[in-house]
Amino acid sequence: MKNNVLIIGGGPAGIEASAQLQRLGYNVILIEKGSSLGGHLSKWDRLFPDGVHADGVLSSMLKNMSGVKSFTDTQVKSINRLDKSYNVILSNGISVLADAVLLASGFTLFRAEKKEEYGYGIYDHVITNADLEAYFSIGSDSRIDKPKKIGFVHCVGSRDEKAGCRACSKVCCATAVKQACEMKEEFPDAEVYCFYMDLRMFGRHYEDLYLKAQKEYGVRFIRGRVAEVSENADGSLQVKAEDTFSSKPLKVTLDLLVLMAGMRPSDAGRRVGDLLGMSVEEDGFFAVRDSVTSNQRSPLPGVFLAGTATGPKTLPETIADARGASMEIDRYLTDVFPQASDYKKLIREKW
Amino acid sequence: MIYEGKQKVWSDYQKDIPDDHYFYVRSCIRQSFFPASEVTFLDITRNRLGKDIFETEHHTTCGGIAYHSDTIPQETVMTIIARQFALMAKNGYENYVCSCITSFGLYCETMETWREFPEEEARIKDILWKTCKLDFAKPKYLIHASDLVYKYRNLIAAQAKHKLINVKTGKPLKVVEHIGCHYSKMFPSKGVGGAEYPYVLVGMIEAWGGEIVDYPERRHCCGFGFRQYFIKGNRGYSLSNTYKKFESMEPFHPDLIITNCPGCPYFMDRWQYVIAESTGRTYGEEGHGIPVLTYEEVAGLVMGYDPWDLGLQTHQIDSEPLLDKMGIEYDPAQKYAGKNGKDIGSPICPTCLK
Amino acid sequence: MVDFGYGISPSSRLDLDKFDRKTFDLLVAEEPDVKKCIACGSCTAVCAAGKFVPTSLRSAILAIQNGLPDKALELLKPCQLCGKCTLVCPREINTRHLILSIIKIYSAK
Amino acid sequence: MGKYYDLLMKDYRLKEGLNACINCGTCTAVCPAAEFYRYDPRRIVDIVQSKDDAEIEKLLRSDTIWYCGECMSCVTRCPRKNAPGLIVMALRSLSIDLGFFIDSEKGRQQYLLSKDLCSNILDYGYCVYPRRFDYAGHPESGRIWEWEEKHLDDVFDRLGGNLDGDGPGVMRKIPQEDLDELKRIFDETGATERMENVRKAGERKAEEMGLSIEEFSSKVYNETNPKHLNQ
Amino acid sequence: MTGLLNILCLLTVNPDSIPEVIDRIPSGYNHFVIPFLVGITFMLIWITVGLIRLLSNLTREDRIKLLLSWINPVIAWKNVRDLFCDCLFHVKIWKRKPLLGYMHSSIAFGWFMLIVLGHIEVALFVPKHLSFSEGALFYPIFYRFFVWMNPAHVALRGSFFFFLMDFFLLYVLSGIGLAVFKRFRSIVLGMRHTTKPSLADRIALYSLWLIFPLRLLAESFTADLSGGSFLTIPVNHLWHLIFGEKLWIMPVWWAYSISLGLFFVTMPFSRYMHILTEVLWILLRNAGIKPRHPRKGVAEAEIYACSSCGLCLDACPMNVQKKNLKYSSVYFIRFLRRKNEKKIDQIADKCLMCDKCHVLCPVSVDAPALRRVQRTTVNNHLPYDLSYLKAPIVQAGGSWSESLPMDSLKSGSNMESSAPEAVASDKVLYFAGCMSHLTPRIIKSVETIFKKSGVDYVFADRDGGICCGRPLMLAGKTDAAAKTIAANKEMIEKSGCKKLILSCPICYKVFKEDYHLEGIEIQHYTQFVNDLVNSGRLKPAQSSERLVYHDPCELGRGCQVYDEPRAVLGQVGELVSAAKERDESICCGGSLGSLTLDARDRAKITESSVSNLLANKPQTIVTACPLCLKTFAEAAPDSVHVKDFAEIVCSSLE
């Protein structure tokens, strides 16, 4: 028999997992609260480190999942555990008897306006990394007007306890450097500054990207967190930071400031989590069974996790995570469903 | 500048301000340099707004300035504060209103310390009993006098005789607001509008018809710095910071600066004089300075008090240009007159400032 | 004129608006490596002259980027060009030529 | 290792104000002192959390900790909920308690501050008292204060003040029993002791420098070494 | 024609009464000599003017030096020897590339002989033509045209000269043949790269090529009149066979004269100027005069002495990459001639200063020195501040408050207690140098060696010292270098030690050449260790490890220290040779000499240097320079160890 697997969240993790599980022969149902699949990936223009186009990546991923039953504009209404499976009622009226549930609810971008001193939504020329990606794909943004001096602020809503997030969001450094280069291409005679605390260029080719930004694009990297932004009479921005290498306060006038908003747990995900009574860790992301060997298992039997639902990840990591989750689910279903006799024991001991 | 953005922030930082029955505590500096401000404040709250605001002669300084000059230990100020609280309780009040921002910050800090370390609060309780045979209760509401004026800004506007509008041009006056550092920088939630875009003074300006100007160094300290002013050798620091602020606001051509901290108006007023005297630089129109007033003074002007009753003559920077703009009548002859027109001479007029 | 006994203190805040792009581009033309510095401080750590006087290529590069070329010159004049920094630089910057070029270009005016 | 750090940790302001600095520099970026003095609050926090006694002692004996204006702007900014301003206050207290303050020009100023401010409090119940605020010592208080100083009673009278008067009101005379309470609080909470120590240390220093108390006081009040400023 | 006629009428008279050689054309002049005359005169005027300018550019003491050098028998003898060996026989080239040597010497020496013999003939047969009025300038050159040989009685003397003349003509022609061949297949003569000739070079070259074939043609045309030998006579018969009685003599002589004229006119603008300038350069060089300007004075002689032979192209380690050819000394010198400042500057900064081009140059043109002078003209005036080296340093930024240089003296561990001033003269002073401090294994090993051999030593710069000054010199900052040198000198002299041991060849070279430490013996530790071994104070155990020794530039070519390290290594392991060593060894690529060479280019050089060392499959590369050590350590394949000389000696002591 074909087991039903419900995947909640139609971002990269959900899409990848559904493709994998379908190939393994399960009956996959994918739901997405938004009106289209792809999550944040669909809003991104190009991806670090080598600048491949996001839409290309997405469409190829979607091709792999053709045939999966997916419902957009759909959320979980209620979910309760039967003996082995979960009975899920969706907002579109359909109810699903899922033998396994994969929670791929992803993340939401940190609301940059919460860092009041940066004046997002108050000053005319302060935007976020997401806004900039939109600008790259659409090609226009009233806030971007032939800037001569551009600043990138790393760690906005990351590594910031006042903003309620101590953790590093992992992708902002590379994104900032990528976007800095792209802006240099767009506006070659602009000065571009990156304000960072630590440059976390941990991934393969990331350091090359950094070197390129310095050598070819002449991006200036300043080690110091931007402390305060204010607006001059002419609408340009006055930005204050410390150049911690010189141990001196620093001031610079900018025409555009880009805030690298970090990753926060998605509210929709939290909603489903609450319905299931799933625990979250201090950082607000879902807790996993153990952080080394079973990153994709939730404390609940039959409920699995993939992607940034369990904390910031890069796209390749998310995809790998989704594949891992698919394998876990496969193992779980093949384990649990054939011999139902000692099911409780099995769950206790193994799942 | 996107106004709606600011409104959102403001709406996030609203604080409960009680309607009536306040225990009033004075400010050392405000009393010394702007005595009329506190007089006016009490007059407005009592007589114009009909509120019950009580003051006891037994209350003292909170010791804040001494504390921030590091001359007395933290527990000393904590005990003094406890004593003030005790006086409040003794007189049956629970809404604590202080006139000084340093005090306000200190009260907030103390309350916070006690919240985090209850054992410390207990210890202070003992010390207070040991020394003064007094027992204290923490206030239900801790507010700054400017919070109160902010709360009643619209009532005041309703009674307004004048508005913050240039009667000649009909345009709103450009007003710069300066918030005392200790008002909300330490505890953003304790201040109306928070730490980044405090609304307490902006609210008044808007209610009274002025236009606020936001300039790059708005948040910057006036430079008082306690020891940085009291010791002559350090005053360069104090002066330089005010200078920095004025250089930053100059391009916006403000008509008026309104402050809610007792020290700031003194410094921003006097340092303009020093800058003019030593560099010839002035920031107001044709060689005048920019008037720096307390919120009480501004409220007073709006409600039609006589400028000289408000003590505007005790500022080094002339307020006449502002009064003219607002269309306020005044008798130049009476400016420096004593009570009942008594002649007590007049100060030498500095040549550097008009 | 009143003598107050004190005056406005000079500002030591770095002002990136003072950064001189033109001259910097000359330097880049002479020695492009200047752009590659990651301010790790290896050069300063091994500096032979650094044993006797405060001198630091890392700080000098920063000083230039912060619009303080004179400070950079002061930091580099004690250099003995011994080349230790070249050997330790993780970004393989040609430090000796960079130092010469900085001095050449920024002492020109 | 950590001797001074432990002493500091007894101070509530440090307990509140220090939790693992990440050296991001937001404090220095907005610090009014950092622009005009050889001053970097970030470094101070970093040194304190290093627990390095030698470094901390250097700090306690240095001018550095006396540059801060205690405006607390740094507190708003720190992403780790540190309060560099409070840390500096704790350092200053310790420096005074250990008698290190007298070694530095700026620290020495405590001698005068303690003398003037504490006596203001104990004698009048005010930190600032207009009769003790003279134009001569404060030329920046302007021509207007020069005039006010001459006619203090009239001015206060004119403006509805109650200078040295009974009952409530602006600048009223604070009843003796309240002042006595303040004195008892001072004695009990170590303020008196600190005043005494600072006085003694100052007098000793004056002797050391071969100056009379008057000379010492005016030196401390007026002089400042240009090396404090940072170009 | 008239000439020919009166020869015929002479013939009708009694042959015996006619002398062996008759002045065929009594005037001793014919128009065809004009091209040659013009050329030679132009060239002579040119070089005289040049010579005067050059000498006037010398400083007074240099001029005196030059004069003195001539009366100094040693130098005089050296001059003569060098003139023959370098200018005529090109011994240096012979040594490296015999065929190439033959080519150069055949042309140079052969031509020289033709000229000399020509004059001797004139002296013997028609002496009057040696006087200027009688065409001394051209007559001997065209001797064969002007005379008639009496076939009736040719004395042995005559035919002997005919033979010699033909012989040397053939000799030169063979050289020319090779030269032409080289143009197209240089590799056969052992040259991978050759210089690109300029226009002047080409004209001069082709005219040079033509001169001797044309001479053969001309002389063979007249051979039946003016005599000839085994070469000209047969050719002459051949012509007669082909053209019959009537030979067009005049055209060929014209052509011959023209080619000569053309050659001499272009000579000053071509590399062939070296033929004459060499002589001057050798005199100046041997007089020990050093260039003070990259173009003027001695330098001028030097750059014109360069024959653009291109031997330095293959010598230059940079040229493992073709793109770097343009940085070679030969081009540097060419641009110096052309006064192309921009290029001069650029090329001067690239060079590694490995000195190979200098050592291998047929006339020892010291291009590295010229580059350094060039760098000096650009960099020496740049501001610097080494004042801190003089006075004791008090709280200079850092925490150190010791004074310099005395307090930086720290004694070795087997005499910890002794204070610097107590240092006795029997102790040796060890100066590790900046670079050694980045390779602690060298310092460690050297100290171990000292201890094991019971050497009392003082460690001059245990916790870092002052740079030796050579890096500054190499960068052209001569004045600054003098400062560091002075500081170190003071330190060394105060130490009281009589022997200075260095572990860095860079230091060693500058200490030897520029420190002038009276009464102090300076040794590189390879030499010192060698002495220790010879005196039996150090007994290394032979192992079977296959070692190859890399000659560091400064130590080998720079100071001619080749044998000591090899002597020791021979007793430590099995010393195998590299493909190229000693003079020929290839710079490791890490040299401080180059100012602008970037990491990539250096890596390529290191690569080639390593593969050169690995020619005979050694297990270990041994070098005696911290810089080489570091460079090789990073680049050598994991299969081979890279060790320092001291290190390997150390390990042999266990």
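Guide: Domain bounds are those of an automatic or database domain assignment. The model discussed here is predicted.

Visitor: Into which domains is chain D divided?
Guide: The assignment gives chain D two stretches of sequence. Domain 1 covers residues 3–99. The other, domain 2, covers residues 107–223.

Visitor: How many Å separate the centres of domain 1 and domain 2 of chain D?
Guide: The centres of the two domains of chain D are taken over C-alpha atoms. On that basis, the separation of domain 1 and domain 2 of chain D is 28 Å.

Visitor: What area do domain 1 and domain 2 of chain D bury between them?
Guide: In the contact between these domains, five residues of domain 1 of chain D meet four residues of domain 2 of chain D. Carbon and sulfur atoms account for 58% of the area that the two domains bury. That area is about 440 Å².

Visitor: Which residue forms a salt bridge with D:Asp97?
Guide: The count between domain 1 and domain 2 of chain D is one salt bridge. By class, the side of domain 1 of chain D that touches domain 2 has two nonpolar, one polar and two charged residues. For the salt bridge of D:Asp97, the closest N and O atoms are 3.9 Å apart, within the 4 Å limit. The partner of D:Asp97 is D:Arg194.

Visitor: Which residues of chain A belong to domain 1, and which to domain 2?
Guide: Domain 1 of chain A is made of two segments, 4–106 and 266–349. Domain 2 of chain A is assigned residues 112–263.

Visitor: What area is buried between domain 1 and domain 2 of chain A?
Guide: The C-alpha centres of these two domains of chain A lie 33 Å apart. Their contact takes 15 residues from domain 1 of chain A and 22 residues from domain 2 of chain A. Carbon and sulfur atoms give 63% of the buried area. The area itself is about 1500 Å².

Visitor: Which side chain meets that of A:Arg46 in a salt bridge?
Guide: Between domain 1 and domain 2 of chain A, the count is four salt bridges. By class, the side of domain 1 of chain A that touches domain 2 has six nonpolar, two polar and seven charged residues. The salt bridge of A:Arg46 spans 3.9 Å from N to O. Its partner is A:Glu185.

Visitor: What is the radius of gyration of chain A?
Guide: Chain A contains eight helices and 20 strands, and its C-alpha atoms fill a box of roughly 75 × 35 × 35 Å along the principal axes. A compact globule of 351 residues would have a radius of gyration near 20 Å.

Visitor: What area is buried between chain B and chain D?
Guide: The size of an interface is often given as the accessible area lost when the parts come together. Here 94 residues of chain B are in contact with 88 residues of chain D. Carbon and sulfur atoms supply 60% of the buried area. The area buried between chain B and chain D is about 7800 Å².

Visitor: Which residue of chain D forms a salt bridge with B:Lys342?
Guide: Across the interface of chain B and chain D there are 50 residue pairs in polar contact, with both residues at pLDDT 80 or more. The side of chain B that touches chain D has 36 nonpolar, 33 polar and 25 charged residues. The rule finds nine salt bridges across this interface. In the salt bridge of B:Lys342, the closest N and O atoms are 2.6 Å apart, and the partner is D:Asp154.

Notes. Residues numbered from 1 in each chain as written. Chains lettered and ligands numbered in written order. Predicted model: local features only at pLDDT ≥ 70, side-chain atom pairs only at ≥ 80, totals over all residues. Heavy atoms only, no water. Contact = heavy atoms within 4.5 Å. Buried area = accessible area lost by both parts, 1.4 Å probe. Nonpolar A, V, L, I, M, F, W, Y, C, P; charged D, E, K, R; others polar. Polar contact = N/O pair within 3.5 Å; in protein donor to acceptor, adjacent residues only side chain to side chain. Helix = DSSP H or I, 4+ residues; strand = E, 2+ residues; numbered from the N terminus. Rg over C-alpha atoms; globule rule 2.2 N^0.38 Å.
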